[in-house]
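Let's walk through this structure together, beginning with the chain as a whole and then turning to its helices.

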Amino acid sequence: MTIKIGPAAAFLLGVLGVAAGCALNETDDATEGEGESQIRELERRAVGPARAYPAERYTDADAEIYAKSKKARRELGWHVLAKALQPVKIAAQPETSARPAPTAPVAERTIPLFRTWFGGDEIDRMFAKMYGDLGKDRRLARDVPTEREVNALFEWNAKSLGPNSESEYFARLAQITNQQGVDGLGGNGRVAYSPGYVKQYLTDYPTIASCKLDELTVDSLPKSEETNFTNCFSREFDADAAVIKASWRRNDALVTGGLPAIDTSAPTLATRMTGELDSGGWNLRGVPLKKAGPEDAYSVTLSDETGYSLVGLHVMTKELRHWVWVTVWWSDKPDEDFGQDRPDEIKALGAPWSNYKMCVITDFEEKDQDPRGGFEGSLGDALAAVHGKATWCSNGFIEKGAHNAQTNCIGCHQHAGDVKALDRVLTDETAFPASGRLQNRKGFPADYSWAFATPASPDQKDRLYDVVVNRMKVYARDDIQ
Ligand code: HEC
């Protein structure tokens, strides 16, 4: 039988790409959203293969150091960010395009490393091809692809034009006139996955498919607390598994306002922590807008000439067993509070990246006894404002709903896969104290990644359990006959 691999569901998500999962049930301003969603075949070929996240392997002793020192933790956070942002050369360099050779030397085209990562629709395409190519016997034996087959699949994905023609590819490249055009090749998708992350779904599909999502509760015991604290995988992710979630705002000549300048100074944060302000949530309405160009905020121009700027970016990496949780947000006062300690490693990346503030956590509990974490100035003030028994890290551009300015990533993500817990984590203070920030369970069903299955995701392609199970169903009947 033949399997049609559907074209990327680009363009369709414009209206949907707003109320992301951290949002439990709020919508957002109309200026936020997606024009082109995830990376399409044309752009993938121009970008080239997804690059591995350069993971470092940290020990349990390191984890303890990060848990006990806000300073060490923040250095780690900036370093993780620097690795995700490092410029990498894309496949379509100027001389490879159809245009005549330029006379003057042309600068290399680069994009930040994480911009090469896979979108959910690419995982769908690759899983479909992988599963089809296994053939009936290997499918029935629940055989998994070898390392070599996985690499070949990644290469196939990087070159395949899908339903597009060569001339469309060159026409797309000819649209690029500046750096925002180059960066626009990476689209403006919401969630993207490192190759190390995707490998897990390709090679562990039999266990993924056998996961009984409906039976999960906060009391479900994991496969093994010591070696595999998940319920839905046969092993935890490798250290090079990394995922990003981005928030983009339309920001081009047609946009009159600008980007929201969220206040994360100590006095305002303190009133969010007590719940006096916005019921402990973030509220973008009424936040002042500031004009910002590509020098101020990382910006992309898409194939339809619309422009978007990155205002918020979550990065989670499995470099620690319970992940490193980093988030950055755009600011018009970038050197204050959470931007005060920006290291040279970030400054060296060039203009826009010095306009983002950062918070990071690696544990549920705050184990640094010093509220200020040893920092002077407005950073020390801000850290003290959110200091408590549980850690704190929250992004005003991404986290939506009451109490969601009081959160810490890991507390909510511990339930990933267990959708019933998600509904209550921010609202049931008895079952999930401290706005859900503390550890509530022994097992982490989907290794902290909500992309496994969540009702809150606006994009079906980011429900990776379904990607696997639905594809397997396509073949199931024919394979038995
Ligand atoms: C109240 C719950 C909640 C909080 C708090 C939260 N998230 Fe999420 N997050 C979700 C849900 C649900 C999804 C899936 C839906 C989606 O993609 O938007 C998600 C998606 C993500 C993703 C991509 C998909 C994946 O594999 O999970 C990343 C990366 C992420 N969050 C990082 C973070 C970081 C970093 C923080 C803290 C700064 C954070 N999240 C805080 C609930 C939360």
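Of the 481 residues in this chain, 47% count as buried. Please keep in mind that the model is predicted. Its secondary structure comes to 16 helices and 10 strands. If you look at contacts with a separation of 6 or more, residues 24 or more positions apart account for 79% of them.

Now let's turn to helix H4, residues 120-140. A straight helix of 21 residues would span 30 Å at 1.5 Å a residue, yet H4 spans only 26 Å between its end C-alpha atoms. Follow the helix along and you will find a kink of about 90°, centred on Leu134. After H4 comes Arg142, with a positive phi near 55°.

Which residues of H4 are buried? They are Gly120, Asp121, Glu122, Ile123, Asp124, Arg125, Met126, Phe127, Met130 and Tyr131.

Next, have a look at another pair of helices. H10 (residues 266-274) and H12 (residues 377-385) pack with their axes 8 Å apart, at an angle of about 5°. Angles under 35 degrees count as roughly parallel, so H10 is roughly parallel to H12. On the H10 side, the contact is made by Ala266, Leu269, Ala270 and Met273, while H12 brings Ser378, Asp381, Ala382, Ala384 and Ala385. Sorted by class, this contact has seven nonpolar residues, one polar and one charged.

How values were computed
Residues are numbered from 1 along each chain as its sequence is written. This is a predicted model: local features need pLDDT of at least 70, side-chain atom pairs count only at pLDDT 80 or more; totals for chains, interfaces and linings use all residues. Helices (H or I, at least four residues) and strands (E, at least two) are DSSP runs, numbered from the N terminus. The expected span of a helix is 1.5 Å times one less than its number of residues. The bend at a residue is the angle between axes fitted to the seven residues ending there and the seven starting there. A residue is buried if 20 or more other C-beta atoms lie within 10 Å of its own, exposed if 12 or fewer, and partly exposed in between; C-beta atoms are placed from the backbone. Two residues are in contact if their C-beta atoms, placed from the backbone, lie within 7 Å. Axes are lines fitted to C-alpha atoms, for helices over the stretch in contact, and angles run from 0 to 180 degrees between N-to-C directions. Angles under 35 degrees count as roughly parallel, over 145 as roughly antiparallel, 65 to 115 as roughly perpendicular and the rest as oblique. Ala, Val, Leu, Ile, Met, Phe, Trp, Tyr, Cys and Pro count as nonpolar, Asp, Glu, Lys and Arg as charged, and the others, Gly among them, as polar.
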